Amino acid sequence: MPNSLVLAGLLLTPSAWWWLVILATLPAHLAAELMSGIPTLMVLSWFLSNSFQALLGAWLISHTAGTDVRFSRTKGLTFFLIFGAFVAPFIASFLDSALVKLNGWGTSPYWENWRIRFLSNVLASLTLIPFVVEWTRDGLNTLRRVTIAKYVEASLLIFGLFAVGLVAFNSQPGFFIQTTARLYWPLPFLVWASIRFGLRGVSSCLLVVMFLALYGTVHGTGPFVSSSSAVNAMSIQGFLIVVSVPLMILAAVIEDRQITELSARDSEERLTLALNAAQMD
């Protein structure tokens, strides 16, 4: 998650100030890792690989989609999915795994470290970066123009998703095996969020689903519990990655269509006014 938050911060900051964002994260990184008893050299190595991933993702996105990238539009979301959520974690995972092996930290094989880091960073990128970027740029301002009916609908959506998520991801494993359809109960609410509330809505709902799934698995409940913590993590990552991508694409496509329709309507109105003015002349 810290890597994704740094990448989101870079996307919200002019590139001339990226060095300051990276520098500002160093004290928090050192405080969190050193308090866990991790050797200083390993902590600095992780800071290097984490910063590299964030900078690489931000540079690739800003140089392909532009500095004012909008994940709620198909173009911006596509570049984010390719470079921010896949390419940057893919490349940075090689550096991270190499630094772990060079520091002699842990006993896992190189490719096992690479797989764990890659999948975890892909999931964090998909669930956190669109949420942070879209809400920071325009989300808070749009809340002032939202009607009471929209607030009521959003409240019903979140309440329903949370209630269904508690049942789906916090049921006992034995009980869940007999009712596997419960795993798909959150899906209608996520589609609802994509259609009615766009990328901000679906990214917010995906965060709710992610935390409920993680909470249930940590406490030994839900569909992702097995005899191995590594298998548990991989199951959650695979499920959320597969669900997140098409839902975000759906939200972006709907947003593009709405903007196109508004633009066509405005053009038609201007043309009508011009024709009426010409007839009066």
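**Close-up views of a predicted model**

**View 1. The second largest pocket has a volume of about 790 Å³.** This is a predicted model, in which local features need pLDDT of at least 70 and side-chain atom pairs count only at pLDDT 80 or more, while totals for chains, interfaces and linings use all residues. Residues are numbered from 1 along each chain as its sequence is written, and side-chain values use heavy atoms, with hydrogens and water left out. A pocket is an open set of points on a 1 Å grid over the protein atoms alone, where a 1.4 Å probe fits and protein lies on both sides within 12 Å along at least five of seven lines; lining residues have an atom within 4 Å of a point. Grid points are joined across faces, edges and corners, and the volume is the space filled by probe spheres set on the points. The lining of the second largest pocket consists of 32 residues, and nearest its centre lie Thr-142, Arg-196, Phe-197, Gly-198 and Arg-200. Two or more lining residues come from each of H5, helix H6 (148–169), H8 and H9; helices are DSSP runs (H or I, at least four residues) numbered from the N terminus. H8 gives the largest share, ten residues. By class, this lining has 14 nonpolar, nine polar and nine charged residues, where Ala, Val, Leu, Ile, Met, Phe, Trp, Tyr, Cys and Pro count as nonpolar, Asp, Glu, Lys and Arg as charged, and the others, Gly among them, as polar.

**View 2. The largest pocket holds about 930 Å³ of space.** It is lined by 35 residues, with Met-1, Pro-2, Asn-3, Ser-120 and Asn-121 closest to its centre. Helices that each supply at least two lining residues include H1 (2–11), H5 (110–142) and H9 (229–280). The largest share, seven residues, is from H5. The lining of the largest pocket divides into 18 nonpolar, 14 polar and three charged residues.

**View 3. Ile-129 lies in helix H5.** Ile-129 is buried, with a relative accessible area of 0% (buried means under 20%, with a 1.4 Å probe and protein chains only). Not counting residues up to four places away in sequence, Ile-129 touches Ser-4, Leu-7, Ala-8, Leu-11, Phe-71, Phe-80 and Ala-124 (contact means heavy atoms within 4.5 Å). Ala-85 is 44 residues from Ile-129 in sequence, and their C-alpha atoms are 9.0 Å apart.

**View 4. H6 passes H8 in a right-handed crossing.** The contact of H6 with H8 has 21 nonpolar, three polar and three charged residues.

How values were computed:
Buried < 20%, exposed > 50% of the residue type's maximum accessible area, 1.4 Å probe, protein only. Left-handed = near helix turned anticlockwise from the far one by under 90°.
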